[in-house]
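Please find below a short note for a colleague who is new to this structure. The points can be read in order, with the model open alongside.

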Amino acid sequence: MIETRELSKHYGDLKAVDHISFTVTPGQVLGFLGPNGAGKSTTMKMIAGFLTPSAGSVSVCGFDVQTAPIQAKQVLGYLPEGAPSYGEMNVAGFLDFIADVRGLRGETRRRRIDDAIGRLNLGKVMTQTIDTLSKGFRRRVGLAQAIVHDPKVLVLDEPTDGLDPNQKQEVRALIHAMAKDKTIIVSTHILEEVHAVCDRAIIIADGRVLADDTPAGLEARSRYHQAVSLSTDNAKAAQELLTRIADVAAVVIDPQDGRVTAFPRPGQQIFAAVTEALRQNHFPFHEIALEQGRLDEVFRQITQTAATEAVMV
């Protein structure tokens with residue numbers, strides 16, 4: 001379990017993190033979202049005990065990070081931004097070093113190192129020095145050191161940064177597998193990451209929490225929630241037809257791909273009415289979809305509104 005209480009970090013007049021409070025429980029994967037410079041990495045560093053808060057507190061599995069730092073770090077695995085390590089060491093030596101630092105001994109040590117190597121598919125690079133590895137493999141080595149001691153809590157700052165699509169899928173599957181009995185925070189600015197691995201998301205900007213909800217709950221704030229979109233060879237005629245439906249508030253044609261989207265009036269469901277109108281008019285179309293909402297739109301709306309308000313203050 002992770003709990004932050006009024007957590008703040010100031011650099012002179014700059015409020016990098018401004019009174020953030022949230023709790024993450026075992027079995028939960030929290031996506032920590034925000035634009036560049038929002039305070040994500042600063043928050044992660046304070047949770048991991050690498051940065052001292054200006055105010056507020058953090059506890060990890062009941063251990064206060066400031067007053068009981070050793071106990072807190074013993075139950076926490078941390079992947080910092082950029083996955084820093086010792087470039088002159090080879091992968092095997094680096095993981096041995098981390099196992100020493102973590103106090104792993106005997107059969108447990110061998111089993112945990114082998115498990116980390118296997119989970120991250122590092123077998124073929126064990127004798128290579130870290131500074132000769134690709135960015136993706138360096139990231140995987142960083143993940144291996146974070147999980148080698150089987151921590152109860154994981155703090156992962158941009159865990160799939162630099163990975164190719166196959167590697168991203170492997171890391172996401174790993175997070176899913178570990179989430180059953182761990183508390184996990186994934187800091188990211190990649191929205192697809194939230195859909196792929198998270199069951200809850202916090203949006204942060206200018207050091208403040210602006211939203212805290214499930215991915216589905218955030219998508220429900222989108223104007224695309226319950227909208228109906230379709231592709232057709234006659235977008236203008238489709239727009240004219242769908243505009244006549246009573247519960248349709250607006251119909252828009254995407255200028256890039258020509259896709260037609262009908263937006264419902266507040267609280268209305270229009271999918272059945274749209275499909276019936278198309279059927280009755282024998283209107284040809286290629287494909288139709290009921291939109292669940294667009295997280296990217298919600299993200300922009302929340303963060304840009306906050307930025308505008310900050311300028312006006």
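1. Basis. This is a predicted model, in which local features need pLDDT of at least 70 and side-chain atom pairs count only at pLDDT 80 or more, while totals for chains, interfaces and linings use all residues. Residues are numbered from 1 along each chain as its sequence is written, and side-chain values use heavy atoms, with hydrogens and water left out.

2. Overall build. The chain has eleven helices and 14 strands; these are DSSP runs numbered from the N terminus, helices being H or I of at least four residues and strands E of at least two. Along the principal axes, the C-alpha atoms fill a box of roughly 75 × 50 × 30 Å.

3. Domains. The chain is divided into domain 1 (2-214) and domain 2 (226-291), with bounds from an automatic or database domain assignment. A distance of 43 Å separates the C-alpha centres of domain 1 and domain 2.

4. Burial and surface. Of the 313 residues, 49% count as buried, that is, under 20% relative accessible area with a 1.4 Å probe and protein chains only. The accessible surface is about 15100 Å², and 51% of this belongs to carbon and sulfur atoms; areas come from the Shrake-Rupley method with a 1.4 Å probe.

5. Contacts. Among contacts between residues at least 6 apart in sequence, 67% join residues at least 24 apart. Contact here means heavy atoms within 4.5 Å.

6. Largest pocket. About 610 Å³ of space lies in the largest pocket. A pocket is an open set of points on a 1 Å grid over the protein atoms alone, with protein on both sides within 12 Å along at least five of seven lines, and lining residues have an atom within 4 Å of a point. Points are joined across faces, edges and corners, and a volume is the space filled by probe spheres set on them. Of the 20 lining residues, Phe50, Ile98, Val101, Arg102 and Gln145 are the closest to the centre of the largest pocket. Two or more lining residues come from each of α2 (69-74), β6 (76-79) and α3 (91-101), and α3 gives the largest share, four residues. By class, the lining has 13 nonpolar, five polar and two charged residues. Ala, Val, Leu, Ile, Met, Phe, Trp, Tyr, Cys and Pro count as nonpolar, Asp, Glu, Lys and Arg as charged, and the others, Gly among them, as polar.

7. Second largest pocket. This pocket holds about 170 Å³ of space. Its lining includes Gly37, Lys40, Ser41, Thr42, Asp157 and His189, and helix α1 (residues 40-48) supplies the largest share, three residues. The lining divides into two nonpolar, six polar and four charged residues.

8. Cavity. The structure holds one cavity of 30 Å³ or more; a cavity is a set of grid points where a 1.4 Å probe fits but cannot get out. Arg119, Leu120, Asn121, Arg140, Gln167, Glu170 and Val171 line the largest cavity. Helix α6 (residues 165-178) gives three of these residues, the largest share.

9. Pro215. Is Pro215 buried or exposed? Pro215 counts as buried because its relative accessibility is 11%. Pro215 lies in helix α8 (residues 215-219) and touches Val194, Cys198, Asp199 and Arg200, leaving aside residues up to four places away in sequence. Between the C-alpha atoms of Pro215 and Ala272, 57 residues apart along the chain, the separation is 25 Å.

Notes: Buried < 20%, exposed > 50% of the residue type's maximum accessible area, 1.4 Å probe, protein only.
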